[in-house]
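Open your viewer and get ready to click around. We'll go stop by stop, and each stop tells you what to select.

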Amino acid sequence: MTRAEPDLSPGVPGKLDRYVTRLVARNAGVMTGPGTNTYLVGERELAVIDPGPEDAAHVRAILEAGAGRIRWILCSHTHLDHASSAATLKKATGAKIAAMTQAGTGSSPPGAEHNVKLVLDQFLADGDAIELDGFSLRAVHTPGHASNHLCFLLPENGMLFTGDHVMQGSTVVIGPPDGNMRAYLQSLRRLLELEIAVLAPGHGYLIHDPHAEAERLIEHRLRRESKVRQALLEAGGSAPLATLLPHVYNDVPQALHPIAAKSLQAHLDKLVEDGDVRHVGGSYTRVP
């Protein structure tokens, strides 16, 4: 946390400015950090961004903070920790659910065990706006962590709600087949083109200097890609993922290597797409 703001205390509404209140779900963990952030955005009418896991106490906290003003439920993506309680919140409030589903079909992306299938009142595409009593939230398609991932921009204060596109205090996992490293890097570069003042992540505190953070994350991913190339070189030009993992992620605790393996797979997939590596018989081989 770089500036004074409310603590990440589960169930306790934290007022960030005149438009935005944050609630933290009680699902802290390795993948979720302090817990999933749910944002209530607006004044007389509210949009709930990322209603969070299916947890009765968290839903009650949203309803109490929203006090009859909730009109929209917006999901950055369909992963369970961000979208599971959308239907419950809709039933309690009558609010409309809006998100992006795979190719606009209403289906969840690959990896059904990590996704909730939403019944949408409105499908959101890149650039679509949700109107709220005098102002709007704009959807920004940011695939990479998930193919259906959206950020939401509030022009009134320059706040970008980033879901799992950017997390505070940690990098996000890019897990194929739905996660894509090339798309993720492109989506990070897109942030550099936006007029934004602060990032409101799906996990953690606000991130100030958003363009510097996007540049830092791009550089981090490219350094990791360089480590993949170096590990392949040191392995004689060809190796399976399991052999590369401890070398590419030697700065990550071994207990987290099963999670890191997902992002390593995404890096290798990108190198294959780039034509720099071939995948044959379970091994990855440098292309001369």
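Here is the tour, starting with some ground rules.

This is a predicted model, where local features need pLDDT of at least 70, side-chain atom pairs count only at pLDDT 80 or more, and totals for chains, interfaces and linings use all residues. Residues are numbered from 1 along each chain as its sequence is written, and side-chain values use heavy atoms, with hydrogens and water left out.

**Stop one: the sheet.** Select β1 to β7: seven strands form an open, mixed sheet in the order β1-β2-β3-β4-β5-β6-β7. (Strands are DSSP E runs of at least two residues, helices H or I runs of at least four, both numbered from the N terminus; two strands pair if DSSP finds at least two bridges between them.) At the edges sit β1 (14–15) and β7 (122–123), each pairing on one side only. Zoom in on Gly14: its bridge partner in β2 is Arg22.

**Stop two: the core.** Now show Val20, Val41, Leu74, Leu137, Phe152 and Phe161, the residues with the most contacts inside the largest nonpolar core, which has 25 residues. (Such a core is a set of buried Ala, Val, Leu, Ile, Met, Phe, Trp, Tyr and Cys residues joined through side-chain atoms within 4.5 Å; buried means under 20% relative accessible area, with a 1.4 Å probe and protein chains only.) A second, separate core of 21 residues includes Leu191 and Leu217.

**Stop three: two helices.** Select α5 (210–234) and α7 (257–274), whose axes come within 10 Å and cross at roughly 75 degrees. (Axes are lines fitted to C-alpha atoms, for helices over the stretch in contact, and angles run from 0 to 180 degrees between N-to-C directions.) That makes α5 roughly perpendicular to α7, a label for 65 to 115 degrees.

Key. Parallel < 35°, antiparallel > 145°, perpendicular 65-115°, else oblique. Buried < 20%, exposed > 50% of the residue type's maximum accessible area, 1.4 Å probe, protein only.
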